[in-house]
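Please have the model open as you read.

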Amino acid sequence: MATGPARSGPARVIGFGEVLTRLATQGRIQLPQARSLDLHVGGAEANVVAALAALGHRAALISALPHGGLGDGAWRALAAAGVDLAPCFRAPGRQGLYFLSPGGSLRASEILYDRAGSAFAAQDWSAFDWAAAFAGAEWLHVSGITPALGPALAAATGAAMAAARAAGMRVSFDGNYRARLWERWDGDPRTILAGLVRRADLFFANHRDMTLLLDRPFSGDGEARRREAALAGFAAFPNLGWIASTTRQVEASDCHRLAARIDTPDAGFQTREVTMPGIVDRIGGGDAFAAGVLHGLLDGVSAPRAAELGLALACLKHSVPGDMALFSRAEVEGFSGEGADVRR
């Protein structure tokens with residue numbers, strides 16, 4: 001496990017979201033045929049702060065984990081990754097799960113959620129002391145998955161973002177639209193997500209997110225049209241300073257081409273496209289991209305360089321199983337996008 005240098009003092013970046021246990025079939029078989037499952041720990045915000053901790057940043061997570069084996073395992077995995085769990089606590093309930101059937105050839109991967117009634121979802125966040133949890137922090141990272149879990153968690157996400165802005169922190173929001181989660185309750189994703197984006201500085205979103213939020217079609221076909229979608233986002237949400245996204249071309253389940261871009265109100269930058277043959281695991285790639293971009297912005301690099309770092313970490317994530325991208329600063333900053341020989 002690659003980890004960054006020793007960290008001390010308050011966390012620079014804090015995530016808020018649910019930690020999940022992933023159960024995946026082996027050998028790319030489908031779930032009904034499985035006789036054993038691989039277990040990994042993940043969750044969108046947990047993946048981001050774990051990757052940032054591996055890159056040497058002081059990163060913490062606000063979440064609720066249940067007592068017992070699965071909760072204990074998730075806690076240990078995050079602690080081993082270097083995540084500060086001081087604002088995380090144990091609560092009654094169950095561990096949120098998801099089941100993964102990895103794709104093969106032209107068959108897509110499939111995810112089945114089993115997270116209703118989890119310790120995180122059942123927790124009353126209305127009395128949580130966000131100001132105390134954010135003391136000394138610089139950045140809050142949240143995603144659209146948490147508000148998709150129900151009205152109470154949509155309100156909690158908004159409260160966390162409002163408290164972060166009141167504390168002078170920057171806020172990043174990853175759209176992460178999950179239709180299956182929103183369909184479980186009578187929510188209004190367009191209205192709820194738009195209200196949250198208005199409290200963000202950095203929005204991880206592509207043309208599909210803009211189509212949802214602005215209720216008008218946008219195309220991701222070519223840099224000019226992606227820029228058009230970003231400019232519409234800046235016009236609708238003038239609080240935003242950056243919009244970051246990736247474009248993925250799928251040739252087969254284990255061979256994709258990936259590029260990244262960052263837009264500001266004044267300019268847009270798109271990286272080169274990297275081909276990723278022999279993909280081991282694509283789950284968590286978007287979270288790795290978010291972590292790479294945040295890594296760059298926390299270090300004060302230019303927006304184009306932040307996009308390149310996001311692309312680097314996203315590509316590296318595809319080479320390892322599990323949800324988390326635990327790579328060192330040297331591995332990410334030295335990424336070339338080309339095949340490499342054995343390091344000796």
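What follows covers the helix contacts and then the cavity.

This is a predicted model, in which local features need pLDDT of at least 70, side-chain atom pairs count only at pLDDT 80 or more, and totals for chains, interfaces and linings use all residues. Residues are numbered from 1 along each chain as its sequence is written, and side-chain values use heavy atoms, with hydrogens and water left out.

Here are the two helix pairs (helices are DSSP runs of H or I, at least four residues, numbered from the N terminus). Axes are lines fitted to C-alpha atoms over the stretch in contact, and angles run from 0 to 180 degrees between N-to-C directions.

| Pair | Angle | Axes apart |
|---|---|---|
| α8 (residues 207–214) and α9 (residues 223–236) | about 40° | 9 Å |
| α10 (residues 285–298) and α11 (residues 303–317) | about 145° | 7 Å |

Contact here means heavy atoms within 4.5 Å. From α8, His-207, Met-210 and Leu-214 touch Ala-229, Ala-232, Gly-233 and Ala-236 of α9. Five of these contact residues are nonpolar, two are polar and none is charged. In this scheme Ala, Val, Leu, Ile, Met, Phe, Trp, Tyr, Cys and Pro are nonpolar, Asp, Glu, Lys and Arg are charged, and the others, Gly among them, are polar.

α10 and α11 cross in a right-handed way (clockwise). Among the residues that meet are Phe-289 and Val-293 in α10 and Leu-309 and Lys-317 in α11. The classes in this contact are eleven nonpolar, five polar and one charged.

Now for the cavity (points on a 1 Å grid over the protein atoms alone where a 1.4 Å probe fits but cannot get out; lining residues have an atom within 4 Å of a point). The largest cavity has a volume of about 40 Å³, taken as the space filled by probe spheres set on the points, which are joined across faces, edges and corners. Its lining is Phe-173, Gly-175, Leu-193, Phe-203, Asp-209, Leu-212 and Leu-213. Helix α8 gives the most to that lining, with three residues.

Definitions and conventions. 1 Å grid on protein atoms, 1.4 Å probe; cavity = no way out; pocket = protein on both sides within 12 Å on 5 of 7 lines; lining within 4 Å.
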